[in-house]
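Welcome! Work through these exercises with the model open beside you, and try each task before reading its solution.

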Amino acid sequence: MKDGNGDSTRTHVALTVGKQVHHYRIIEQIGAGGMGEVYLAEDSKLNRRVAMKFLPSSLVSNQEVRTRFVREAQTLAKLNHPNIVSIYDVNEFEGRPFYVMELVEGKSLHHYAHEKPLTIETIIAYAIQICQGLGEAHRAGIVHRDIKAANIAVDKQGRIRILDFGLAAVAGDDKITKTGSTLGTVAYMSPEQVSGRGVDPRTALFSLG
């Protein structure tokens, strides 16, 4: 097997506690999903804690997935808004792509919504912040395509932070996915997204609703 860069098979080093990845020291794993593993790490250059998202080892050899993963970091880097998580760095370690982002200390909106009923005032406040973050993305020509409670964090100050732009559609970029393909979470998709047609900012608003 070869990896996405055409290199021969290599064994990917386990990201254990204390592992040094460039100038970042792994502290612990804090999340995992189909498209990434997220670790809490210490940035020794700037003396701060960050979140590092690595492409899973099982997907490293898939060039399309690698490209989409790096594009997620590039997409985030285009955005600067208090309701969108900030990106700090994108790199590779032992043939495994990763990017470094702001550590959001808090929990997902999905968690808060199931922990206890949200008041109408809180729901309205959160919805306004999500709309403001989405508005910034849309002005930059970016459509998230996977807006859901699990991809929205609430930090310790009660501020909304939109995460996971891995499936975003970016105006002007080459299309990575084939025409007619369906990406996203079915329960939140607009009819256009479900049918694999082109999407625009309205699909994110549908998902938010």
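**Exercise 1: a charge and a ring**

Over the ring of which residue does the charged end of Arg-48 sit?

Solution. Start with the ground rules: this is a predicted model, in which local features need pLDDT of at least 70 and side-chain atom pairs count only at pLDDT 80 or more, while totals for chains, interfaces and linings use all residues. Residues are numbered from 1 along each chain as its sequence is written, and side-chain values use heavy atoms, with hydrogens and water left out. Next, the test: a charge sits over a ring if NZ of Lys or CZ of Arg is within 6 Å of the ring centre and within 35 degrees of the ring normal. The ring you want belongs to Tyr-88, and the charged end of Arg-48 is 3.9 Å from its centre.

**Exercise 2: the chain as a whole**

Find how many helices and strands the chain has, and what percentage of its residues are buried.

Solution. Step one: helices (H or I, at least four residues) and strands (E, at least two) are DSSP runs, numbered from the N terminus. The chain has five helices and 11 strands. Step two: buried means under 20% relative accessible area, exposed over 50%, and partly exposed in between (1.4 Å probe, protein chains only). Of the 209 residues, 42% are buried. Step three: take contact to mean heavy atoms within 4.5 Å. Among contacts with a separation of 6 or more, 57% join residues 24 or more positions apart.

**Exercise 3: aromatic rings**

Describe the pair formed by Phe-69 and Tyr-99, and name the members of the aromatic cluster.

Solution. First, the rule: rings of Phe, Tyr and Trp (its six-membered ring) pair if their centres lie within 6.5 Å; planes under 30 degrees apart count as stacked, over 60 as edge-to-face and the rest as tilted. The structure holds four aromatic pairs. In one of them, the ring centres of Phe-69 and Tyr-99 are 5.4 Å apart and the planes meet at 45 degrees, so this pair is tilted. The partners come from distant parts of the chain, 30 residues apart, with Phe-69 in helix H1 and Tyr-99 in strand S6. Both Phe-69 and Tyr-99 are buried.

Now the cluster: its members are Tyr-24, Tyr-39, Phe-54 and Phe-98. Take Phe-98, which belongs to strand S6. Phe-98 counts as buried because its relative accessible area is 0%. Setting aside residues up to four places away in sequence, Phe-98 touches several others, including Tyr-24, Phe-54 and Phe-69. Then take Tyr-39 in strand S3, which is buried because its relative accessible area is 5%. Tyr-39 and Lys-53 are 14 residues apart along the chain, yet 6.4 Å separates their C-alpha atoms. Beyond four places in sequence, the contacts of Tyr-39 include Leu-15, Met-52 and Phe-54.

**Exercise 4: the largest pocket**

What volume does the largest pocket have, and which strand gives the largest share of its lining?

Solution. On a 1 Å grid over the protein atoms alone, a pocket is an open set of points where a 1.4 Å probe fits, with protein on both sides within 12 Å along at least five of seven lines; lining residues have an atom within 4 Å of a point. The volume is the space filled by probe spheres set on the points. For the largest pocket it is about 780 Å³. Of its 32 lining residues, those closest to the centre are Val-38, Ala-150, Asn-151, Leu-163 and Asp-164. Strand S2 supplies the largest share, four residues.
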